[in-house]
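Please consult the sequence and the structure shown here while reading.

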Amino acid sequence: MRKVTTGLFISLDGVVESPDQWQHAFDEEMGAQLAASLEAADTVLLGRVTYQEWSGYWPEVTGGDDAGFADWINNSPKYVASTTLDDVSGWANSTLLKGELTEAVTRLKAGEGGDISVAGSPTLVRSLLDAGLLDELVLLIHPVVAGGGRAKLFADDTALKRLDLVSAKPTSSGTIIATYRPQRG
């Protein structure tokens, strides 16, 4: 069975929204972590907001530092979880998931292939964790307090979830790369 994984930039106060506005550094170790995640994954899962933001940006990137990721994401099969979108054909290799999220992702996990990487999409990450479908959560914890007004990974009233720490390593910029797996049962 395929694994559903995600890697999110997160501040010390739990903010995941707009890391480009508060991320203090991007170092080689973070790049290596993200590259390893991409090498293991051959399918991308996106929520509506991330799909709408990224579909207008990544297809236009053809050079520079982001060209490698642009090539990977543009050519990978992408599945979009949304109850409000009717069409995702504007970005090559994109498919709108039909039916209930749990059933659709369970079908994807049962298929052939590598890991399924959730790109951005913190709301989708929460839904997958709640449904018991997220297999690995990698947090790149930046030593910064992003402050109010931005979305956090978990709301204050989130139900108790227990996860096991698989690994934690500091990077040269002071970011901690922490890998967690949800406890089952």
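## Exposure of an aromatic residue

Tyr-57 is partly exposed, because its relative accessible area is 42%. In this scale, buried means under 20% relative accessible area, exposed means over 50%, and partly exposed lies in between (1.4 Å probe, protein chains only). By contrast, Trp-58 has a relative accessible area of 10% and is buried.

The model is a predicted one: local features need pLDDT of at least 70, side-chain atom pairs count only at pLDDT 80 or more, and totals for chains, interfaces and linings use all residues. Residues are numbered from 1 along each chain as its sequence is written, and side-chain values use heavy atoms, with hydrogens and water left out.

## Aromatic pairs

A pair of aromatic rings is described by the distance of the centres and the angle of the planes. Rings of Phe, Tyr and Trp (its six-membered ring) pair if their centres lie within 6.5 Å; planes under 30 degrees apart count as stacked, over 60 as edge-to-face, and the rest as tilted. This rule gives 7 aromatic pairs. One of them is the tilted pair of Tyr-51 and Trp-91, with 6.0 Å from centre to centre and 40° between the planes. Tyr-51 belongs to helix α2 (residues 48-55) and Trp-91 to the loop between β3 (78-81) and β4 (94-96), so this pair ties together parts that are 40 residues apart in sequence. Helices (H or I, at least four residues) and strands (E, at least two) are DSSP runs, numbered from the N terminus.

Tyr-51 is buried, at 6% relative accessibility, and Trp-91 is buried at 2%. In the pair of Tyr-57 and Trp-58, the ring centres are 4.8 Å apart and the planes stand at 80°, so this pair is edge-to-face. Both residues belong to one aromatic cluster, which is formed by Trp-54, Tyr-57, Trp-58, Phe-69 and Trp-72.

Two strands pair if DSSP finds at least two bridges between them.

Strand β2 (residues 41-47) and strand β5 (residues 115-118) run parallel and are joined by 4 bridges; here Leu-45 has Val-118 in β5 as its bridge partner. Strands β6 and β8 run antiparallel, with 5 bridges between them, and Leu-139 stands opposite Ala-178 in β8. Strands β7 and β8 are also antiparallel, over 7 bridges, with Asp-164 opposite Arg-181 in β8. The hairpin of β7 and β8 has 5 residues between the strands, and Gly-174 in this hairpin takes a positive phi near 95°.

## Positive phi in the loops

Most residues other than glycine have a negative phi, and most peptide bonds are trans. Asn-93 has a positive phi, near 70°, and is found in the loop between β3 and β4. Asn-93 is partly exposed, at 41% relative accessibility.

Ser-121 likewise has a positive phi, near 55°. This residue is found in the loop between β5 and α5. Is Ser-121 buried or exposed? At 4% relative accessibility, Ser-121 is buried.

## The chain as a whole

The chain has 5 helices and 8 strands, which follow the pattern β-α-β-α-α-β-β-α-β-α-β-β-β along the sequence. Its radius of gyration is 16 Å, close to the 16 Å given by the globule rule for 185 residues, so the chain is as compact as a globular protein of that length. The radius of gyration is taken over C-alpha atoms, and the globule rule is 2.2 Å times the number of residues to the power 0.38.

Along its principal axes, the C-alpha trace spans about 45 × 40 × 30 Å. Buried residues make up 39% of the 185 residues. Among contacts (heavy atoms within 4.5 Å) between residues at least 6 apart in sequence, 70% join residues at least 24 apart.
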